[in-house]
Amino acid sequence: MSTIEQKSIDVATQEILRKAEAENIKTAWDRLEAQEPQCGFGQLGVCCTVCAMGPCRIDPFGEGAQVGVCGANADTIAARNLVRKIAVGASAHSDHGRDVAHTLSLLADSHTHGKSGSHSHNYEILDIVKFKSLAQEFGIDTQKPKEQILTELSKKLLEEFGKQEGTLTFIKRAPKKRQKIWKDLNITPRGIDREIVELLHTTHMGVDNDYKNLIATGMRCALSDGWGGSMTATDLQDVILGSPVPVRSKVNLGVLKENYVNIVVHGHEPVLSEMAVKAAEDPELVKLAKKFGAEGINLAGICCTANEVLMRHGIPVAGNFLQQELAIITGAVELMMVDVQCIMPALHEIATCFHTKLVTTSSKARFPGVVHIEFDTNNAYEIAKQIIRAGIENYPNRKKEKATIPVEKMDLVAGFTKEIIFQILGGRHRATYKPLNEAIISGRLRGLAGVVGCNNPKQTHDYYHTALVKELIKNDVLVLQTGCSAIACAKQGLLIPEAAKKYAGKGLQEICEAVGIPPVLHLGSCVDNSRILTAASYIIEEGGLGEDLSDIPAAGCAPEWMSEKAITIGFYFVASGVYTVFGSNPFATLGSKNLTDYLTKGLEEVVGARFEFCDDPMQMAKLMIAHIDKKRQDLKLKPMVYHA
Ligand code: SF4
Ligand code: MSK
C-alpha cells in the first residue's frame, strides 16, 4: 500500500487524500489498489474479445496457445487492440470538433434568417481575422458578405468529417516534405469519420492481420484527428469563443472560496462552460447568491474544460484529472457540471457523501441517478443560468464545519497560441518565428518539447510531469504544454515568468526575460495539441531548421498518460515526425515483441520518428535531450552557448 506522499507530490492533493482516508471515502488510488494485481494478459495486450469464438488469449511464456481460435497471433491481437484505441481517441476529439462546427453552422443559420442578436444562443464571431483566414484556407472568397462566408465555411468544415473524395484541407498546413511522406505511405487522411470507420473495419475478425499495416491505418486515423478533428475544434473555438491571449490566473484546490458559491466545470467542450462563465457574472444570479448568504459566485475548472475557460477568461483551475474527486471531497463545492471525457463514474457516489450536486449536460454522457440538464446550443445561456442557479440554491446545504479548502494556490500565466508566439517573439508589427528559430540555430535554445497528457494513479501524481519539465528547461529546452500536464506544472510554479530565473538554463532564461514569457508555455486543452503541430509547421516555414517536422530539434512526451486520446495524440505526433516518449505503461503491446520493436525502432525508417517507453522522468528528459541534440547535430547547428 502506498503512502499519501507516494500517491501525489501536490500538497493540496495530499491534504484532501488524508481527509478522504479519515472519512473512509475511496478514491481512484484506493480503487487501483483493489484492482491489483491487474490482469497480465490485458497488460500485455494479448487478450482478444473481437469475436464470439473467443475470448482468446496468447500464452506469453510460449508454452500454451500461441494463436486464437481463428488463428490470429499475438502480433495481430496486440496491434488490433492498440489501433482500436486510436479510433476511440480520434472519435472523442473529432466528435468534439464536429460539435463546434455545428455551433458555427447555428451562427450561419441565425445570420441567414436575421435572428442574430435576438437569438438566444449568444455566440458570435469573436476572432474575425482567424475566421477570414480559415475561409481563405477553404477557398472561400473573403470579399463576400460575412453571412455568406459563414454559411459556406460551416458547410465545408462539416463536410471534412464525411469527406469521400480528396484529402483533409488542414493537411496543407504541414510542410511539403511531410505531406509527401504521408502520400507515399498512403496515410494522408481523407475524411475524419472515414478514417475512424475504416480503422475499425480493419480490426473486425478476419480482416487485417498484418500488424504493420494495422499501424499504418492507425496512423492515418490519428492524423485525421491531429490535422482534422482536433484542429477544427481548436480553430473554430478561437473563432467563436475568441482566441486566447496571455492571461494570469491561479491554480489548485485553494482557488475554491470559503464564502462563495463554488461551481466547478469539468470535461472538455467549452461551448457550454463558456456560457457558464457569462452566467456566473449575471447580476441577477450574483444577487441571488448574496440572497442565499454567499459573497458571490466562484467558478473554477477541472481537466480540459478548465484549460479552455482559463485560456480565454482567466478562470482559475481547481485541479487536474486526479483531483476531480478531491474537489468534491473538500465539501465546499455546490455543483459540478460535466460534459464529456475524463469524468470518473465514481463522482456520483462521492457527491452523495456531500451536498455537491453533480449535473450531466451531454446527451452522450449520462450517469445513472445523476441530475441531467441537457445542453442545447440554441438555448445555451438560459441552460447555463439554470445550472448556476441550481448551484446557488444548494449553497445553504454546505456543512461549513466539515468543509476543508486547502490553502495551496499558485499563480500561472496561460493563453499562448501559435499566433501569440508569433507576436510575442516578433513584435505586433512584424510577427515572426524568426527569433525562435535563431535562438535554436545560435545555440541559446537547445530545442522544443511538447509535454502533454493526463495523470494516472499508477504513478506519483504530478511528479513525472514536473520533474521532467524542470529537467528540460534546466537544459534550455522551451516546453509547450497542454491538458492536465500543464495544470501539474502550473501548480508547481513553472508557468510564471519568474520560473525562468529559478529553474531555466541561462540561454532559455535570457529569451524568457527578453520577451517576458514563462519557460513553460500553456497552449490549452487536449485538442489544442493541434496548436503544437501548426506552430512546428511555422518553424519549418520560417527556415533554417530543416524541411520537415522530423528535422526540428524537438520531442514530445506524455509522462502520466491514461486516456485513449493520449495514444491517438502520440500517434499523430509520431506520424508527423515527432519523437515521442510515453511514461510508464507501454501501449499494452509487450505481448508482441514484433509490434513493440516496430513502435520503438522500426517506425523511424517509415515516418522518421518513433515511440519510446520509459518509467523515470529523469531518464525521459535524458532521452528527449539526446534526441534534440542528435537533431541539432544533423542540422549542423552551432554548439550550445551555455551547455556544451
Ligand atoms: Fe479469438 Fe480470433 Fe475471435 Fe479474437 S478474433 S476472439 S483471436 S477467434
Ligand atoms: S483532460 S485526456 S485526463 S490530459 Fe483533457 Fe486530462 Fe488526459 Fe483527460
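A residue counts as near a molecule or strand if one of its heavy atoms lies within 4 Å of it. By that rule, the residues around ligand 1 in this predicted model are Cys48, Val50, Cys51, Met53, Gly54, Cys56, Gly68, Val69, Cys70, Ile77, Arg80 and Met205.

A few conventions first. Residues are numbered from 1 along each chain as its sequence is written, while chains are lettered from A and ligands numbered from 1 in the order in which they are written. Local features need pLDDT of at least 70, side-chain atom pairs count only at pLDDT 80 or more, totals for chains, interfaces and linings use all residues, and side-chain values use heavy atoms, with hydrogens and water left out.

**Ligand 1 and the domains**

The shell around ligand 1 splits by class into 9 nonpolar, 2 polar and 1 charged residues. Here Ala, Val, Leu, Ile, Met, Phe, Trp, Tyr, Cys and Pro count as nonpolar, Asp, Glu, Lys and Arg as charged, and the others, Gly among them, as polar. Ligand 1 lies between domain 1 (39–71) and domain 2 (74–241), because both give residues to its shell.

The domain bounds come from an automatic or database domain assignment, which also gives domain 3 (253–402) and domain 4 (416–634). The centres of domain 3 and domain 4, taken over C-alpha atoms, are 32 Å apart. Their contact (heavy atoms within 4.5 Å) takes 16 residues from domain 3 and 21 residues from domain 4. Together, domain 3 and domain 4 bury about 1400 Å², with 68% of it on carbon and sulfur atoms. Buried area is the accessible area (1.4 Å probe) that two parts lose on being put together, summed over both. Met311, Asn320 and Leu322 supply 39% of the area that domain 3 buries against domain 4, more than any other three residues.

**Two helix pairs**

Two packed helices are described by the angle between their axes and the distance between the axes. Helices (H or I, at least four residues) and strands (E, at least two) are DSSP runs, numbered from the N terminus. Axes are lines fitted to C-alpha atoms, for helices over the stretch in contact, and angles run from 0 to 180 degrees between N-to-C directions.

| Helix pair | Angle | Axis distance |
|---|---|---|
| α13 (303–313) and α20 (483–491) | about 70° | 8 Å |
| α10 (211–241) and α24 (564–575) | roughly 100° | within 8 Å |

The angle makes α13 roughly perpendicular to α20; angles under 35 degrees count as roughly parallel, over 145 as roughly antiparallel, 65 to 115 as roughly perpendicular and the rest as oblique. Cys303, Cys304 and Asn307 of α13 meet Gly483, Cys484 and Ile487 of α20, a set with 4 nonpolar, 2 polar and no charged residues.

α10 and α24 are also roughly perpendicular to each other. Ile215, Met219, Ala222, Leu223, Asp225 and Gly226 of α10 touch Thr568, Phe571, Tyr572 and Ala575 of α24, and this contact has 7 nonpolar, 2 polar and 1 charged residues.

**Backbone details**

Most residues other than glycine have a negative phi, and most peptide bonds are trans. Glu36 and Pro37 are joined by a cis peptide bond, with omega about 0°, and Pro37 sits in the loop between α3 (28–35) and α4 (40–44). The bond from Gly54 to Pro55 is cis too, with omega near 5°; Pro55 is in the loop between β1 (47–48) and β2 (56–57). Asn186 has a positive phi, near 60°, in the loop between α8 (176–185) and α9 (192–202).
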